[in-house]
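This report describes one protein chain from its computed geometry.

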Amino acid sequence: MDGPRGGNIPGQPVTWRVEGMDCASCVAKVEKAVSRLPGISDIKVNLMAERLGATLSPDGATPEAVEKQIGALGYKATRLEAAAASPPLSWRVEGMDCGSCIAKVEKAVGRLPGVSDVSVNLMAERLTLRLAPGTTDVAAVERQVGALGYKVRALARQDAPGTPSAPADGHDHDRCRGHDHGHGEHEHAHPKPVGTQSGSADDGSHAHGGAFGHSHADHEDPADATKPWYATGKARLVWLLGTLVVGAYALSLVLPHDLTYPLFLIATLVALVPFGRRAFNLARAGSPFSIETLMVTAAAGAAVIGAAEEAAVVVLLFALGELLENVAAGRARAGIKALANLMPRTALRLRADNSTEQVPSDRLSVGDLVLVRPGDRVPCDGIIEDGRSALDESPVTGESVPVNRGPGEAVVAGSINTDGALRVRVTRAATDNTIARIIRMVEEATASRAPTQRFIERFSTYWTPGAMVVSALVILVPPFLLGWDWWTSVYRGLAVLLIACPCALVISVPAALASGLSAGARRGLLIKGGAALEEIGTARTVAFDKTGTLTAGHPRVTDVLPASGTSASDLLAYAAAVEQGSSHPLAKAVMAEAGSRGIATPAASDQGAVPGKAVTATVGGRRVSVGSPRHAAELGARMGGLVEQAARLEGEGKTAVVVVVDGAAAGVLALRDEPRADAAAAVAALSKLGIRSVMLTGDNARTGAAIASGLGLDVKAELLPEDKLREIGALRSAGSVVMVGDGINDAPALAAASVGVAMGGGTDVALETADAAVLKDRVSGVVELVGLSRSTMTNVKTNVAIAVGLKAVFLVTTMVGVTGLWPAIMADTGATVLVTLNALRLLAWKPAV
């Protein structure tokens, strides 16, 4: 917006998105704070929509003043007009290795005028934001980040989110359309948008972390990315400090103390110069209580009181801890980067004359024809035009058994062609193929904050200032009350400063969540954020859709029972005419049966649907409906002996479909969709984990009961879409509920559950619907999701115990004089390294056999 007042005009209505509000008291705080500003009227705050609306008078507060007022409360206000007017900008920020780095960068950049939608992704090493026109420029952002000691590089559009080589932060806006069909459980519904969850989830753009964290001085230049860890900039600082400290100690064995003491002072100063510069810049950027401030204060104080030897060891251990954290963070990022390596770098594109040319796989366009030889990785999402082969999809879906594919069938990027040559037509560009979208989803997930993480970050904002107060009390009170000498009280107070940093506590949760999300993605378990990952493991009930979830989703016609006066061919012709053009599984089964019998499909008009009950059309001037026996009864159709036939078929676990022509039943078709091979074992495994399983289906009660009894789970049948929502609500009253569906027709129930899980395929549906997705078509994937969630949360609890326990132990031993400065710094950097390494163990997670 132009002008010093941001384009403010008389009575100008302005709308902001306010991130971080999670209860009614948040709304009250925002309303009260904004109302105190001059010239503000018509204030409206919407908790669910995260919106603040107000009218600004020309001589009152500016939009920037409103944003500053809200920011002071700990929320993030983004002016929607400004966000819409400017495109997002992205930078690669090198050197971030813990949760505090995110808070530092967010806070520093967020203080610049005109900056909005700040998002920092630790795992992707990416900063994304918007700049209002006429305010801060790109160079100012880079200077602000560079002043914190990080290396920042602007990303061009080809490097920006969306490609496997540089995974995306953006969203894919493609949406699948369900088919509104009348066979009970296949209601039409719009899929749930990416990232919508029933629980609250932070999108990563609001910094609760406050001012704390580790030093990142002397971060490596971009060339360090290709160097081994021992040759990076951080490593060089460690080698320099180590040489000075070890050399000084060796000389102290043969030279007088007065001659070697200056060497320890020099080692201390070498480290304090970059660390001190960082502390100053962080304080200016709004993070005065950083670990840099604590460490510089403690080391300088130790040198002043004559403990330079310990000060030198403290800065050496601090720098060493930084190096180890950087190595550990790099290992965690490698889990995500490994996904990009699933894509081959080149592809064989077929020319018009049938010759091939080798091209980079990211240059393939929709419609190109590529040759995939035996042993090659598939370079694109596409459709097989010629050839047949077994494809190993385990790198993408986690399914270990190769799948046979032939002409007309879809293939996914990253899968391995095991035997025959294939000609594949490209259906998705490189920025939108399965691998790119998995990478994008995982990165977005690692940027989100789980409830446990948000709580710890809020807690840590009070920890550090409180610890500084305790340190001051340790210095000032004991000389008067306990008779300590001033040297002892100052020394122990400085040690308390070093123990105070909450970095290990803050990184304990996101490190574990990032590792868990990466481990799941490599096994075909995609989870869209830490909140969903945390919630899955607490589930009391798992509700399953039937068709396409507990069953294979490929029904076939088993019985054709025409009424008297109607032939089997006429019955199938009527049904096929009504069902033509539909992608519904039952519709496809009817069309396939008609085709196999050589029955021509008549033309149909006025096609429509009765949601959850039937589909209708006019065929040859006659009104035809294809639906459930219940719907036929509601129409008053004359069924005669077909009633008993339908009941018998349903008792056999088949779906009975009645074809009604001009108000009279023309016959019954029976279809059967077999349960998945692992469904019964998966239900039993969930039961062992203490989780109840229930099947929610729109199919008839007899068919539902027949399927459920064979699988060993409860069933709720003949459910319309609104009935499923009601059942999910009832189940949630008893605890957390996971809803598992095929992602097309179960979107309302998926959205209503605590966590929605889409199962199957690795296609649009699995990636764009619900809170999690199981890419392999196996019910056991739901069991694996629960196991991954519980393993991750156990890791989180262990990390928190390590972080808090070590600090508590060293705090006590410091106060009684058992340990000093350098063990105190070990309580911080040592704990941080331990929790990070413990989190990395999750990268090797495997499902229980």
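## Surface and basis of the model

The chain exposes about 33100 Å², and carbon and sulfur atoms supply 58% of that area. Accessible areas come from the Shrake-Rupley method with a 1.4 Å probe, and for residues only the protein chains shown count as cover.

This is a predicted model, in which local features need pLDDT of at least 70 and side-chain atom pairs count only at pLDDT 80 or more, while totals for chains, interfaces and linings use all residues. Residues are numbered from 1 along each chain as its sequence is written, and side-chain values use heavy atoms, with hydrogens and water left out.

## Overall composition

The secondary structure comprises 28 helices and 30 strands. These elements are DSSP runs numbered from the N terminus: helices are H or I with at least four residues, strands are E with at least two. Of the 849 residues, 57% count as buried, where buried means under 20% relative accessible area, exposed over 50%, and partly exposed in between (1.4 Å probe, protein chains only).

Among contacts between residues at least 6 apart in sequence, 71% join residues at least 24 apart. A contact means heavy atoms within 4.5 Å.

## Nonpolar patch

Val 469, Leu 473, Leu 476, Val 477, Phe 480, Leu 481, Leu 482 and Trp 486 make a nonpolar surface patch of about 870 Å². Two elements give two or more residues to this patch, α12 (451–476) and α13 (478–481). Helix α12 gives the most, with 3 residues; Leu 476 lies in this helix.

Patches are made of residues with over 30% relative accessible area and no salt bridge; like charges are joined within 9 Å, and nonpolar side chains (Val, Leu, Ile, Met, Phe, Trp, Tyr) within 5 Å. A salt bridge is a side-chain nitrogen of Lys or Arg within 4 Å of a carboxyl oxygen of Asp or Glu.

## The seven-stranded sheet

An open sheet of 7 strands with mixed pairing has the order β18-β30-β29-β28-β19-β26-β27. Strands β18 (525–527) and β27 (714–716) stand at the edges with a single partner strand each, so one side of each has no neighbour in the sheet. Neighbouring strands are turned by 20° against each other on average, direction ignored. Two strands pair if DSSP finds at least two bridges between them.

Leu 696 has Lys 716 in β27 as its bridge partner. Helix α27 (residues 780–815) packs on the sheet, touching β18, β19 (541–544), β28 (737–741), β29 (755–759) and β30 (772–774). The direction of α27 makes about 55° with that of β18; axes are lines fitted to C-alpha atoms, for helices over the stretch in contact, and angles run from 0 to 180 degrees between N-to-C directions.

## Antiparallel pairs and positive phi

Strands β22 (residues 614–619) and β23 (residues 622–627) run antiparallel and are joined by 6 bridges, with Val 619 opposite Arg 622 in β23. Their hairpin has 2 residues between the strands, and Gly 620 takes a positive phi near 60° there. Strand β23 is also joined by 4 bridges to β24 (residues 655–661), again antiparallel; Gly 627 has Val 658 in β24 as its bridge partner.

Positive phi also occurs in residues other than glycine. Asn 354 has phi near 75° and lies in the loop between β9 (346–350) and β10 (356–360); at 46% relative accessibility Asn 354 counts as partly exposed. Asp 662, with phi near 50°, is in the loop between β24 and β25 (664–672). Asp 662 is partly exposed, with a relative accessible area of 43%.
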